[in-house]
2 protein chains.
Amino acid sequence: MPSRAIKAPSSSNRLLARLPRIDRNRLVAQCEEVQLLESDVLEERGERIRHVHFPVDSFVSLITPVDDHAGFEVGMVGSEGMLGISLVLDVDVVPHRALVQGGGSALRMTKAAFVSELKRSAPLRRLLDRYLYVLMSQLAQAGACTRFHLLEARLARWLLMSHDRALGNEFHLTQEFLGYMLGMRRVGITKAAGALQAMGLIGYSRGNLTVLDRAGLEAAACACYRIDCDAYATM
Amino acid sequence: MPSRAIKAPSSSNRLLARLPRIDRNRLVAQCEEVQLLESDVLEERGERIRHVHFPVDSFVSLITPVDDHAGFEVGMVGSEGMLGISLVLDVDVVPHRALVQGGGSALRMTKAAFVSELKRSAPLRRLLDRYLYVLMSQLAQAGACTRFHLLEARLARWLLMSHDRALGNEFHLTQEFLGYMLGMRRVGITKAAGALQAMGLIGYSRGNLTVLDRAGLEAAACACYRIDCDAYATM
DNA sequence: ATTCGTGTGTGGGCTATCGCACGGTGAACA
DNA sequence: TGTTCACCGTGCGATAGCCCACACACGAAT
């Protein structure tokens, strides 16, 4: 992946990329690059925040644990966002479990450094306020979507969201994992993924998923996907 | 209700009650008291915010419309909160439909006045930041709850939340309305409410609902109720 | 080559909820 | 006093998704 080598870290997170150069450089200077490992739990609900993370080519799912077995995914954070956003609200308690869904690099910063940057940089503050708003929209949409839409459409939506945040057309995903993310049993995923595969939209084999027909997937997904995208776009 | 008469308006909204006296008085001086009417739509998603509202003895449901027929309730705002909170994030677009669920009075303030108070009063800002965090927790919890818990438990939870925000033990609620709130058919409510009534927890007759056994309702509700309460408590 | 583990597909019975349609009942109003 | 209407209860077939169990496929390691 040659693009990785020539990209300066500062431009790799799209949220940070929107900052004025001075603010961005000062912030990035206080970051270190870390590798996030697939299926790692980066933060657990209720813990104290110690670091914030700006994903570069990794992405992370936000999950509300329910009855200590199942989970419910309420949002996804890739290079368009950050983890630890609640510090903007002056709360240092993690609100959701953060599960790494696509491994890769991220910029990490200590809580203290971030808080002090937040006080210092008005553009940073404004940017993250907007991001918080989008995240809230996503939370509400996730609930509504799960309530009303069929598994197949939700799966398609979820794959699109991952695709947007992943690097290529392939990602590693077991059905077990997908079931956990979507709050369904594995068997349900087998059926829905089978249907998408039969339509030629995806290829699926032993944990390796390939997006074959993105436009088709968009047609198969519920409108929630567009709504989410629009929310980000108007940010 | 003699307590109403002796309460100064400034202490009637519990959020405002937590402000230092000076900040609170300045803010309240810029408010006018309005009456919210049951089943009114106070704000619609996508609209511009013109006023913010601090419920006093009214309460309001936040709803994400889905596919322009159904709705999905993502939160509830009573005297412990406010409407128009997204102005704190510098966004003046309404994120959810706000449907008045319990009629009553509220303090209203223009957007401009609120924004200028927000800039001026650091305690106000800090308070609302916290409130936003709690609201986000509520959004996520609502999604998870709807996904995993049975209607009966959710109904119990919802009644408790209304009870906390209403004045007495009785409120006016048609099953149709309840169905809309919980994203279910009316018939589903008939069954669930019938079960709660058979257990002696509530009385229900032609749109008039009475909470008979609050402790019993708490036992019938899912854990989400406690989680929500704790979130408010630790705010 | 056998074994073993991880990941995937299939089948049967079950429940919550849906969609629709119809019957009942109380209160308000003429 | 009778009508009307909003509200509530019921019944029935359909279905998405649940739980449990088992069978199959591929790859890696012994």
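## Surface near DNA strand C

In this predicted model, α8(A) supplies the largest share of the surface near DNA strand C, namely four residues.

Sorted by class, the surface near DNA strand C holds six nonpolar, six polar and three charged residues.

## Surface near DNA strand D

DNA strand D likewise has 15 residues around it. The nearest are A:Leu151, A:Gly188, B:Thr174, B:Gln175 and B:Gly207. Two or more residues each come from α8 of chain A and from α7 (175–182) and α8 of chain B.

The element that gives the most to the surface near DNA strand D is α8(B), with four residues. By class, the residues of this surface divide into six nonpolar, six polar and three charged.

## Relation of the two chains

Chain B superposes on chain A by a rotation of 180° with 0.0 Å of shift along the axis, and the RMSD is 0.0 Å. The two copies are therefore related as by a two-fold rotation axis. Both copies use the same surface, since 100% of the contact residues of chain B recur in chain A.

Within chain B, the residue that comes closest to the rotation axis is B:Gly143, whose C-alpha lies at 1.9 Å.

## Contact between chains A and B

Chain B puts 29 residues into the contact, and chain A puts in 29 residues. On the side of chain B that touches chain A, two or more residues are given by each of β4 (59–66), β5 (70–77) and α5 (122–148) of chain B. Of these elements, α5(B) gives the most, with 16 residues.

The side of chain B that touches chain A has 15 nonpolar residues, along with eight polar and six charged residues.

## The β4–β5 hairpin of chain A

In chain A, strand β4 (residues 59–66) pairs with β5(A) in the antiparallel sense, over seven bridges. One of the bridge pairs joins A:Pro65 to A:Gly71 in β5(A). Three residues lie between the strands of this hairpin, and A:Asp67 in the hairpin takes a positive phi near 50°.

Strand β5 (residues 70–77) of chain A is mostly covered, with seven of its eight residues buried.

## Overall fold of chain A

Chain A contains ten helices and ten strands. Along the principal axes, its C-alpha atoms fill a box of roughly 55 × 45 × 30 Å. The radius of gyration of chain A is 18 Å, which agrees with the value near 18 Å for a compact globule of 235 residues.

Of the 235 residues of chain A, 49% count as buried. Among contacts in chain A between residues at least 6 apart in sequence, 74% join residues at least 24 apart.

Methods:
Residues are numbered from 1 along each chain as its sequence is written. Chains are lettered from A and ligands numbered from 1 in the order in which they are written. This is a predicted model: local features need pLDDT of at least 70, side-chain atom pairs count only at pLDDT 80 or more; totals for chains, interfaces and linings use all residues. Copies are superposed by least squares on the C-alpha atoms of residues with pLDDT of at least 70 in both. Two residues are in contact if their C-beta atoms, placed from the backbone, lie within 7 Å. Ala, Val, Leu, Ile, Met, Phe, Trp, Tyr, Cys and Pro count as nonpolar, Asp, Glu, Lys and Arg as charged, and the others, Gly among them, as polar. A residue is buried if 20 or more other C-beta atoms lie within 10 Å of its own, exposed if 12 or fewer, and partly exposed in between; C-beta atoms are placed from the backbone. Two strands pair if DSSP finds at least two bridges between them. A residue is near a molecule or strand if its C-beta atom, placed from the backbone, lies within 6 Å of it. The radius of gyration is taken over C-alpha atoms; the globule rule is 2.2 Å times the number of residues to the power 0.38.
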